[in-house]
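Please review the structure shown below before reading the briefing. The notes are arranged by topic for quick reference.

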Amino acid sequence: LLLVAAAAYLLGCSNGAVIVSKYILRDDVRTHGSGNAGLTNFYRTFGGPLTLVVILCDVLKAVAAVWAGILMARYWDGGFWSQEAIVLVFAKYWAGLFCLLGHMFPCMFHFKGGKGILSGGTIAIMIDWRIALVVWGGFLILAILTRYVSLGSVWAGASFPFISWYCYPYFSIVALAFIIGGLVVWQHRSNIRRLIHGNE
């Protein structure tokens, strides 16, 4: 568990927006716009084909982190649960949580990272298509209808633990889901304030 947590966290620290802007463009994205090291701020600031590099980086690191969890589950040697399928799901949530922690609070970038939507969305897809459908479906509908990406992002974070609870009603999995969803919502707290006051 600790090994997977460390591997997933370090993978999460590979923040595409920071790496591309700071080391390729020589212009740290965190000094522009919202100051966030995420895809949306990168695209609004720089645009261009390098945005695809950021997307690829944030997607691949989430895939790699979840696969680390899957490998852990395959070699699990203990009586944590008798149901192998549930162990696999727990492992995905566990690895996903630490990947997001690395993305949001990267140790090599002064703990100032992104808000976790693209990586989190990828993790949702890796966990269960039903969870991905609710998270991504609500995100896209709200973002398109209201033109507020942040509103869709808050929906993604808020809905994640509840659809997880519906699909996997196990305490440990639900607890991890609430932590993951809570982190995403917390990272959008400034957006929520602006949405409430009508100046987002």
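Predicted model: local features only at pLDDT ≥ 70, side-chain atom pairs only at ≥ 80, totals over all residues.

- Leaving aside residues up to four places away in sequence, Ile131 touches Tyr93, Ala124, Phe160, Ile163, Ser164, Cys167 and Tyr168.
- In soluble globular proteins, nonpolar side chains tend to be buried together.

**Helix 9**

- Helix 9 spans residues 171-187, a run of 17 residues.
- From its first C-alpha to its last, helix 9 reaches 24 Å, close to the 24 Å expected at 1.5 Å a residue.
- The buried residues of helix 9 are Ile173, Val174, Leu176, Ala177, Ile180, Gly181, Leu183, Val184 and Gln187.
- These buried residues pack against helix 5 (84-104), helix 6 (117-127), helix 8 (149-167) and helix 10 (189-197).

**Leucine 3**

- Leu3 is found in helix 1.
- Leu3 counts as exposed because its relative accessible area is 72%, and the cut-off for exposed is over 50%.
- Leu3 and Leu71 are 68 residues apart in sequence, while their C-alpha atoms are 11 Å apart in space.

**Largest pocket**

- The lining of the largest pocket has 28 residues, and Leu39, Thr40, Asn41, Val149 and Ser153 lie nearest the centre.
- Two or more lining residues are given by each of helix 3 (39-45), helix 4, helix 6, helix 7, helix 8 and helix 10.
- The largest share of this lining, five residues, comes from helix 3.
- By class, the lining of the largest pocket divides into nine nonpolar, 13 polar and six charged residues.

**Second largest pocket**

- The second largest pocket holds about 250 Å³ of space.
- Its lining consists of 13 residues, with Asn36, Lys115, Gln187, Arg189 and Ser190 closest to the centre.
- Helix 9 and helix 10 are the elements that give two or more residues to this lining.
- Four nonpolar, six polar and three charged residues make up the lining of the second largest pocket.
- Gln187, one of the buried residues of helix 9, is also among the residues closest to the centre of the second largest pocket.

Conventions. Residues numbered from 1 in each chain as written. Heavy atoms only, no water. Helix = DSSP H or I, 4+ residues; strand = E, 2+ residues; numbered from the N terminus. Expected span 1.5 Å × (residues − 1). Buried < 20%, exposed > 50% of the residue type's maximum accessible area, 1.4 Å probe, protein only. Contact = heavy atoms within 4.5 Å. 1 Å grid on protein atoms, 1.4 Å probe; cavity = no way out; pocket = protein on both sides within 12 Å on 5 of 7 lines; lining within 4 Å. Nonpolar A, V, L, I, M, F, W, Y, C, P; charged D, E, K, R; others polar. Points joined across faces, edges and corners; volume = space filled by probe spheres on them.
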